[in-house]
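Welcome! Have a look at it first, and then we can walk through a few of its features together.

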Amino acid sequence: MQYLQHHYKTSPFLTSLFTLLAAVLLPVAIHLAPPIQGVPIGALFLPMFYVPLIALILFGKTPALAAAVLSPALNFLISGNDQWSLMILLTVELTVFTFSIGYLREKMSNFWSIILSILLAKGIGAALLLGLGLLPQTPIDYFIQSLGRGWPGIIVLVILGFVMQGKQEKSE
């Protein structure tokens, strides 16, 4: 951990670039797995949220926000996905999640900061649907469905938060 944090301090651009690369490749790798009962693995495990969370804990807001803002567009370009409305929605949700968790981690435990941040991100995503109509779903259906399907990913995010925080505290 100390090596990574030292490397970020000496080369923040390169660290941010590697963070962005990880934020693009991890979801692509996870999406290679077949759907479970017709539900894409990404909708279950929310892999796009992992790297911004890890980057935030290890390196701070700049690499985490770079990953959150840029990875959805790069992911969509690589995968050839033509649902630009979904890319916009994911970008907003990841950005809200990253800003929110960056703020809330200073005020409360990792568990509550992650839970509240994902709820806020999905809530703002649902509000975006209301305002812009990006997907053919009602905002309430989207909110309930994304949380209902994404509970395994939320559990992974909470575990990641605890593990990364514990490793960071040991390295300090």
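Does Leu-46 count as buried or exposed, going by its relative accessibility? With a relative accessibility of 7%, Leu-46 falls under the 20% cut-off and so counts as buried. Please keep in mind that this is a predicted model. The points below begin with the loops and then turn to the helices.

**Two loop residues with positive phi**
- Most residues other than glycine have a negative phi.
- Leu-46 is not a glycine, yet its phi is positive, at about 50°; this residue sits in the loop between α3 and α4.
- Gln-37, also not a glycine, has a positive phi of about 50°, and you will find it in the loop between α2 and α3 (41-45).
- Gln-37 is exposed, because its relative accessible area is 80%, and the cut-off for exposed is over 50%.

**Helix α2**
- Helix α2 covers residues 12-31, which makes 20 residues, and spans 29 Å from its first C-alpha to its last, close to the expected 28 Å.
- Its buried residues are Thr-15, Ser-16, Thr-19, Leu-20, Ala-23, Val-24, Pro-27 and Ile-30.

**How α4 packs against α5**
- Two packed helices are described by the angle between their axes and the distance between the axes.
- For helix α4 (residues 50-59) and helix α5 (residues 61-79), the axes come within 7 Å and cross at roughly 165°.
- Angles over 145 degrees count as roughly antiparallel, so α4 and α5 are roughly antiparallel to each other.
- The crossing of α4 past α5 is right-handed.
- On the α4 side, Val-51, Pro-52, Ala-55, Leu-56 and Phe-59 take part, and they meet Lys-61, Pro-63, Ala-64, Ala-67 and Ala-68 of α5.
- The residues of this contact comprise 9 nonpolar, no polar and 1 charged.

**How α4 packs against α6**
- Helix α6 (residues 84-104) packs with α4 at an angle of about 30°, and their axes are 10 Å apart.
- Because of that angle, α4 is roughly parallel to α6.
- Here too, α4 makes a right-handed crossing, this time past α6.
- Pro-52, Leu-53 and Leu-56 of α4 make the contact with Leu-94, Phe-97, Thr-98, Ile-101 and Gly-102 of α6.
- Sorted by class, the contact of α4 with α6 has 6 nonpolar, 2 polar and no charged residues.

**A residue in α8**
- Asp-141 belongs to helix α8 (residues 139-171) and counts as partly exposed, at 45% relative accessibility.
- Between the C-alpha atoms of Asp-141 and Leu-25 there are 29 Å, while the two residues are 116 residues apart along the chain.

Key: Residues are numbered from 1 along each chain as its sequence is written. This is a predicted model: local features need pLDDT of at least 70, side-chain atom pairs count only at pLDDT 80 or more; totals for chains, interfaces and linings use all residues. Side-chain values use heavy atoms; hydrogens and water are left out. Axes are lines fitted to C-alpha atoms, for helices over the stretch in contact, and angles run from 0 to 180 degrees between N-to-C directions. Helices (H or I, at least four residues) and strands (E, at least two) are DSSP runs, numbered from the N terminus. Angles under 35 degrees count as roughly parallel, over 145 as roughly antiparallel, 65 to 115 as roughly perpendicular and the rest as oblique. A crossing is left-handed if the near helix is turned anticlockwise from the far one by less than a right angle, and right-handed if clockwise. Contact means heavy atoms within 4.5 Å. Ala, Val, Leu, Ile, Met, Phe, Trp, Tyr, Cys and Pro count as nonpolar, Asp, Glu, Lys and Arg as charged, and the others, Gly among them, as polar. The expected span of a helix is 1.5 Å times one less than its number of residues. Buried means under 20% relative accessible area, exposed over 50%, partly exposed in between (1.4 Å probe, protein chains only).
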